[in-house]
Protein chains: 2
Amino acid sequence: MAEPGRDDPVERLVEALARIPGLGRRSARRAALRLLTEPERLLHPLRSALKAAADSVRPCSECGNLDATDPCGICADASRERKSLCVVETVADVWALERARAHRGLYHVLGGVLSPIAGVTPESLALPALLRRVEALGVVEVILALPATVDGAATAHYVTDRLAGRSIVITRPAQGVPIGGALDVLDEGTIAAALKGRRPL
Amino acid sequence: MAEPGRDDPVERLVEALARIPGLGRRSARRAALRLLTEPERLLHPLRSALKAAADSVRPCSECGNLDATDPCGICADASRERKSLCVVETVADVWALERARAHRGLYHVLGGVLSPIAGVTPESLALPALLRRVEALGVVEVILALPATVDGAATAHYVTDRLAGRSIVITRPAQGVPIGGALDVLDEGTIAAALKGRRPL
């Protein structure tokens with residue numbers, strides 16, 4: 001058999017690669033071939049990078065960010081504003097905000113958003129830890145940078161309720177037209193939000 | 001730093017993933033995060049699959065196909081027609097032909113096509129091995145399934161020249177309209193080749 005069977009090492013590699021988001025089965029097969037054809041340049045570096053990452057990268061016990069240190073680089077950075085906490089769904093959101101240099105405070109990764117259908121309850125998210133940190137850090141502003149979905153909005157409401165009674169400003173990022181975005185390719189919800197939130201020039 | 005530096009294990013993993021064909025830098029970052037977030041389901045299986053592949057998969061010393069055995073499964077398969085040899089550029093081509101169950105003979109992977117610009121000479125391809133195998137196997141048909149490019153055509157000519165004087169039929173796959181292909185989306189070269197090669201119904 002040239003197209004190897006399921007217990008074949010080549011096929012196992014294709015299967016493992018195909019599970020990576022962004023690689024379909026066809027691209028996984030191409031990727032496997034390239035890894036095997038250029039082991040020195042591709043396969044060996046990937047193996048050692050996976051080993052290093054598996055050995056050292058852990059969720060930060062403070063904020064949930066992934067890093068080789070715990071607390072993570074952000075939580076350990078004394079120059080960051082500790083009274084401003086940005087609540088996000090995933091580590092990917094932390095990285096996106098950091099790339100934009102948009103937030104100088106700390107983060108809190110919930111690890112998901114509330115979803116009755118998917119069975120995501122407050123207990124399965126990092127919500128108790130959020131409340132603890134808000135107290136411990138003396139947080140004065142919580143920025144809820146959660147997805148603009150029904151579940152994201154429900155989660156934002158829930159967090160707002162839980163923080164009620166404290167003297168904390170709760171904000172969320174502005175919604176509107178993306179920089180460089182043409183109006184005619186935007187969905188109606190975004191256009192409506194942008195018009196509703198219009199600002200004087 | 002949240003977006004990790006170059007010697008950071010997360011960043012090393014992103015770099016190693018970004019070299020895989022089909023994954024850009026952005027998708028590599030997303031893939032790295034998913035691997036790290038779901039190590040049991042994604043990262044560990046990929047590590048062990050890479051180890052198994054690195055440990056066992058080698059080019060077949062006969063045909064150049066990649067397999068966990070040497071000779072590879074195809075070369076070792078006694079039921080295959082040994083006098084019909086299909087010459088291809090890459091291992092990916094072997095797999096594509098096997099998926100189509102298009103060839104019941106053996107293969108020969110050249111490992112590239114001749115290219116004066118890229119410095120690919122006959123010596124850097126598996127051409128001497130091809131001539132040896134043609135002799136040793138008593139091949140009666142050589143199918144040149146090489147890319148339909150200038151370099152592919154030049155390589156086909158070169159191989160044909162080197163096989164001249166032997167009583168071997170040299171063929172190449174038909175060129176024409178793909179199955180299910182609409183004429184109006186095809187390039188002119190393919191349409192011209194399909195018309196030129198027209199067959200009675």
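Good morning. I begin with R34(B), which is partly exposed because its relative accessible area is 35%; buried means under 20% relative accessible area, exposed over 50%, and partly exposed in between, with a 1.4 Å probe and protein chains only. This is a predicted model, in which local features need pLDDT of at least 70 and side-chain atom pairs count only at pLDDT 80 or more, while totals for chains, interfaces and linings use all residues. Residues are numbered from 1 along each chain as its sequence is written, chains are lettered from A and ligands numbered from 1 in the order in which they are written, and side-chain values use heavy atoms, with hydrogens and water left out.

Let me stay with the charged pairs. R34(B) forms a salt bridge with E38(B), and their closest N and O atoms are 3.2 Å apart. A salt bridge here is a side-chain nitrogen of Lys or Arg within 4 Å of a carboxyl oxygen of Asp or Glu. E38(B) is also partly exposed, at 26%. By this rule there are 16 salt bridges over all chains.

Another of them joins the side chains of E135(B) and R166(B), at 2.7 Å from N to O. This pair links distant parts of the chain, 31 residues apart: E135(B) is in helix α6 (residues 127-137) of chain B, and R166(B) is in the loop between α7 (150-163) and β6 (169-171). Helices (H or I, at least four residues) and strands (E, at least two) are DSSP runs, numbered from the N terminus.

In chain A, E15(A) and R25(A) form a salt bridge with their closest N and O atoms 3.8 Å apart. E15(A) belongs to helix α1 and R25(A) to helix α2, 10 residues apart. Together with E11(A), these two residues are linked in a network of salt bridges.

I turn now to the two chains together.

In all, 51 residues of chain B are in contact with 51 residues of chain A, where contact means heavy atoms within 4.5 Å. About 4,800 Å² is buried between the chains, and carbon and sulfur atoms give 72% of that area. Buried area is the accessible area (1.4 Å probe) that two parts lose on being put together, summed over both. How many salt bridges are counted between chain B and chain A? The count is 0.

Finally, I consider the interior of chain A. R80(A) lies in the loop between α4 and β3, and R80(A) is buried, at 5% relative accessible area. A polar atom of the side chain of R80(A) is 2.9 Å from the backbone oxygen of G105(A). S84(A), in strand β3 of chain A, counts as buried at 10% relative accessibility. Leaving aside neighbours within four places in sequence, S84(A) is in contact with residues including H103(A), G105(A) and I143(A). Helix α6 of chain A has buried residues too, among them L127(A), R133(A) and L137(A). After α6(A) comes G138(A), with a positive phi near 65°. Thank you.

Key
Polar contact = N/O pair within 3.5 Å; in protein donor to acceptor, adjacent residues only side chain to side chain.
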